[in-house]
Amino acid sequence: MTLVDILLEPLQYDFMVRALVVTVIAAVVSAILSCWLVLIGWSLMGDAVSHAVLPGIVLAYVVGWPFAIGALIFGFIAVSLIGTVSGTSRVKEDAAIGIVFTTLFALGLVLVSVVPSQVDLSHILFGNILGVSTGDLVQIGILAAIALTVLLVKRRDLTLYAFDPMHARAIGLSPRRLGALLLAVLATVAVVGLQVVGVVLVVALLIIPGATAHLVTDRFSRMLIIAPVMSSLCSVAGIYLSYWLDASSGGMVVVVQGVVFGLVYLLSPRHGLMRRITRRREVVPA
C-alpha cells in the first residue's frame, strides 16, 4: 500500500471527512484560546468548564434540544458560579473551581443514572468524532466562528489583560469585563471541543497547544500561529492513526498532541530540557 492510498482511503467515507473537518475546526479555535489560558494560568478553569456542562447535555436530551445548547447554558452557569463564589467569600478561586465543577459534574452523573435515555455515556465523556452528523458540524462551525471572531477582534485587549491587568485598567479597560469575556469564550469553545473529544479530554485541546507553543517561542503573536497549526496537524494525524489502528479517535488525537508536547519539552531549542541541561554544563567550570 502506497502513501497515497494511506491518505486517500479514509476520505472515501463521509463520516471520516466530517470527522476531519470538525476536528480541525475544534483544534484551531481551542488552540488559539489556549494561548491566553496558559499565560493567565487558567488551565484548571478549562477543566472545570468542560466537566460542568454534563448536566446541561442530559437536560438538553430530556427537552429535545441540541446538546450544544444545554452544554453552553451550563458552561455559562459554571463560570458565573465560580466568579460569584470566589468574589463574594473567603474561598479562593482554585477552591471555588473545584467545588463548582465537581458538584455540577456529579449532578450530571446523577441525571444520567435517573433519566432513561438511549445516549451512551461514553460518547459524552470521551466524544464520538466518527458519529458527528451534518447538523453537528453546522453547530460546531457556528460556535467556533463566534468564538474565533471575538478572540480576533479583542485580541489586543485580551493580550494586555493577560500580561498586565493593572496597565489595562490604567488605560481605561476593565479587567473584570475582559476576564468575563474570556470565560464566556472558554464556555463556548469547551462546547465545541466536547462534541469532538468529549467532556474528559476537551481540556487537552484547551491546554496542550498553548503550552507547546509557549515552549517554542517567547513572542505571543507567534504563539497564536504555532498553536493552531500544531494542533490541527496533530488532530489530522490522530484521526488517520485511529482509522488505521482501529483505536479511539478522540483519544488518539489527544495522545498525538501529548507526544508532540513531550518532544518539544525535551528538544525545544529555547526552553527544552536538553537545552537547559546543556546551558548548565556550559556555565559550570570544568
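A crossing of two helices is called left-handed if the near helix is turned anticlockwise from the far one by less than a right angle, and right-handed if the turn is clockwise. Helices are DSSP runs (H or I, at least four residues), numbered from the N terminus. The structure is a predicted model, in which local features need pLDDT of at least 70 and side-chain atom pairs count only at pLDDT 80 or more, while totals for chains, interfaces and linings use all residues. Residues are numbered from 1 along each chain as its sequence is written, and side-chain values use heavy atoms, with hydrogens and water left out.

Two packed helices are described by the angle between their axes and the distance between the axes. Here axes are lines fitted to C-alpha atoms over the stretch in contact, and angles run from 0 to 180 degrees between N-to-C directions. Helix α2 (residues 14–40) packs against helix α9 (residues 155–163) at about 20°, the axes being 9 Å apart. The two helices α2 and α9 are therefore roughly parallel (angles under 35 degrees). Their crossing is left-handed. In this contact (heavy atoms within 4.5 Å), Trp36, Leu39 and Ile40 of α2 meet Arg155, Leu158, Thr159, Tyr161, Ala162 and Phe163 of α9. By class, the contact of α2 with α9 has 7 nonpolar, 1 polar and 1 charged residues; Ala, Val, Leu, Ile, Met, Phe, Trp, Tyr, Cys and Pro count as nonpolar, Asp, Glu, Lys and Arg as charged, and the others, Gly among them, as polar.

The axes of helix α12 (residues 220–245) and helix α13 (residues 249–267) come within 7 Å and cross at roughly 130°. The crossing of α12 and α13 is right-handed. The contact of α12 with α13 comprises 10 nonpolar, 6 polar and no charged residues.

The crossing of α5 and helix α6 (residues 93–114) is also right-handed, at roughly 145° and with axes that come within 9 Å. Phe74, Ala78, Leu81, Ile82, Val85 and Ser86 of α5 make this contact with Glu93, Ala96, Ile97, Val100 and Leu104 of α6.

Helix α5 also contributes to the largest pocket, giving 6 residues, the largest share of the lining. A pocket is an open set of points on a 1 Å grid over the protein atoms alone, where a 1.4 Å probe fits, with protein on both sides within 12 Å along at least five of seven lines; lining residues have an atom within 4 Å of a point. The largest pocket is lined by 15 residues, with Gly83, Arg176, Gly179, Ala180 and Leu183 nearest its centre.

Notes:
Parallel < 35°, antiparallel > 145°, perpendicular 65-115°, else oblique.
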